[in-house]
Amino acid sequence: MTEQELDRLRGPLEREYAEDLVAHRGLTPEAARERSASQMRELLPAGAATEGVLLRMARVDDAEVGWIWVTLPGAGAPDTLRAWIHNIEVHPEHRGRGHARRMIQLMEAELARLGVPELGLNVFGTNTVAIGLYRSLDFEVTSQQMAKRIDPAG
């Protein structure tokens with residue numbers, strides 16, 4: 001992925017992640033925007049040139065269909081043995097055609113060549129389509145968070 005491609009994708013990614021933080025973590029919109037931007041700065045301090053980060057564009061023929069962002073173990077991934085998918089996205093007009101599956105499979109092959117033994121990710125519990133995809137690719141639940149909103153007046 002080029003720096004220009006990352007710059008184009010970064011804004012929408014920050015906005016969508018902030019919206020998820022509001023919807024699923026109860027953050028205020030302002031706090032969610034700041035956390036999203038802060039995490040992007042921390043995880044990609046040198047942009048597309050950040051060491052230990054794999055940013056890959058998915059193309060079919062000449063059409064860009066999506067992208068994937070993976071951090072290698074020891075480069076900001078949550079643990080030292082596991083690579084981590086921070087984002088995988090298929091552009092809306094290309095969804096439902098197996099592109100996300102293929103991106104993950106190609107990433108797994110690249111990680112295997114690098115000697116990385118495991119690949120992890122987080123997924124919001126309401127994202128049933130993604131959960132189904134990950135299960136079909138043999139991802140297993142390794143931890144689970146639950147939350148309940150409390151009515152302050154109740």
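These legends accompany an overall view and several close-up views of one predicted protein model.

**Figure 1. Overall fold of the predicted model.** The protein contains 4 helices and 4 strands, where helices (H or I, at least four residues) and strands (E, at least two) are DSSP runs, numbered from the N terminus. Along the sequence their pattern reads α-α-β-β-β-α-β-α. Residues are numbered from 1 along each chain as its sequence is written, and side-chain values use heavy atoms, with hydrogens and water left out. Because this is a predicted model, local features need pLDDT of at least 70 and side-chain atom pairs count only at pLDDT 80 or more, while totals for chains, interfaces and linings use all residues. Along the principal axes, the C-alpha atoms fill a box of roughly 55 × 35 × 35 Å.

Figure 2. Of the 154 residues, 40% count as buried; buried means under 20% relative accessible area, exposed over 50%, and partly exposed in between (1.4 Å probe, protein chains only). The protein exposes about 9,900 Å², of which carbon and sulfur atoms supply 50%. Accessible areas come from the Shrake-Rupley method with a 1.4 Å probe, and for residues only the protein chains shown count as cover. Among contacts between residues at least 6 apart in sequence, 53% join residues at least 24 apart, a contact being heavy atoms within 4.5 Å. There are 18 positive and 23 negative side chains, and the centres of the two sets lie 4 Å apart. Lys and Arg count as positive and Asp and Glu as negative, without His and the chain ends; the place of a charge is NZ of Lys, CZ of Arg, CG of Asp or CD of Glu.

**Figure 3. Helix α1 and its kink.** Helix α1 spans residues 3-25 and has a kink of about 30° at Leu-9, shortly before the proline Pro-12. The bend at a residue is the angle between axes fitted to the seven residues ending there and the seven starting there. Leu-9 is also one of the buried residues of α1, which include Glu-5, Leu-6, Arg-10, Leu-13, Ala-18 and Leu-21. An α-helix has 3.6 residues a turn, so residues three or four places apart point the same way. The cover over the buried residues of α1 includes α2 (29-43), β1 (53-60), β2 (63-71) and β3 (82-90). Just after α1, Gly-26 takes a positive phi of about 75°.

Figure 4. Met-103 is found in helix α3, which covers residues 99-113. Its relative accessibility is 7%, so Met-103 counts as buried. Leaving aside neighbours within four places in sequence, Met-103 is in contact with Ala-58, Gly-66, Trp-67, Ile-68, Ile-88, Glu-89 and Val-90. Met-103 and Ala-49 are 54 residues apart in sequence and 20 Å apart in space, C-alpha to C-alpha.

Figure 5. Ala-49 is placed in the loop between α2 and β1. With a relative accessible area of 62%, Ala-49 is exposed. Gln-39 lies in helix α2 and, at 29% relative accessibility, counts as partly exposed. From Gln-39 to Ala-100, 61 residues apart along the chain, the C-alpha separation is 23 Å.

Figure 6. Asp-61 lies in the loop between β1 and β2. Although Asp-61 is not a glycine, its phi is positive, at about 55°; the residue is exposed, with a relative accessible area of 73%. Asp-138 is found in the segment after α4 (128-136). Asp-138 is likewise not a glycine and has a positive phi of about 75°, and at 67% relative accessibility Asp-138 counts as exposed.
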